[in-house]
Amino acid sequence: MYTKLDDWRHAHKVNELLRSNPSMTQKELCKLMITNFHRLKYLEQQGLIKLRRRVYGQRTKKSNTQI
């Protein structure tokens, strides 16, 4: 079980990473933060972080082809 302080600290680290690299995927974020998607989802539900969602058919920055 995490405390509110643990949540805030983790969210602060996630926000710093996302600020420095906004195109980071959730998979890369989980790997760097040594956490899982469910933890990130919980922090987002608490309003501590904002995750980007990729919509099907959305163009990526790496290529101009549509998925």
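Visitor: At what angle do α1 and α3 pack?

Guide: Start with how such an angle is taken: axes are lines fitted to C-alpha atoms, for helices over the stretch in contact, and angles run from 0 to 180 degrees between N-to-C directions. Here α1 and α3 pack at about 100°, and their axes are 11 Å apart. That makes α1 roughly perpendicular to α3. For the wording, angles under 35 degrees count as roughly parallel, over 145 as roughly antiparallel, 65 to 115 as roughly perpendicular and the rest as oblique.

Guide: One caution before we go on: this is a predicted model, where local features need pLDDT of at least 70, side-chain atom pairs count only at pLDDT 80 or more, and totals for chains, interfaces and linings use all residues. Residues are numbered from 1 along each chain as its sequence is written, and side-chain values use heavy atoms, with hydrogens and water left out.

Visitor: Which residues of α1 and α3 meet?

Guide: Contact means heavy atoms within 4.5 Å. From α1 come D6, D7, H10, A11 and V14, and from α3 come R39, L40, Y42 and L43. Sorted by type, the residues of this α1 and α3 contact are five nonpolar, one polar and three charged. In that sorting, Ala, Val, Leu, Ile, Met, Phe, Trp, Tyr, Cys and Pro count as nonpolar, Asp, Glu, Lys and Arg as charged, and the others, Gly among them, as polar.

Visitor: And how do the axes of α1 and α2 cross?

Guide: They come within 11 Å and cross at roughly 125°. α1 and α2 are therefore oblique to each other. Their crossing is right-handed; a crossing is left-handed if the near helix is turned anticlockwise from the far one by less than a right angle, and right-handed if clockwise. On the α1 side, H10, K13, V14, L17 and L18 make the contact, and on the α2 side L29, L32 and M33 do. Those residues divide into six nonpolar, one polar and one charged.

Visitor: Is H10 buried or exposed?

Guide: Buried means under 20% relative accessible area, exposed over 50%, partly exposed in between (1.4 Å probe, protein chains only). H10 has 16%, so it is buried. It sits in helix α1, residues 4-20. Beyond its neighbours within four places in sequence, H10 is in contact with M33, T35, R39 and L43.

Visitor: Where does I34 lie?

Guide: I34 is in the loop between α2 (26-33) and α3 (37-45). Its relative accessibility is 76%, so I34 counts as exposed. Phi of I34 is near 50°, a positive value in a residue other than glycine.

Visitor: How many helices and strands does the protein chain have?

Guide: Helices (H or I, at least four residues) and strands (E, at least two) are DSSP runs, numbered from the N terminus. The protein chain has three helices and zero strands, in the order α-α-α along the sequence. Of its 67 residues, 22% are buried.
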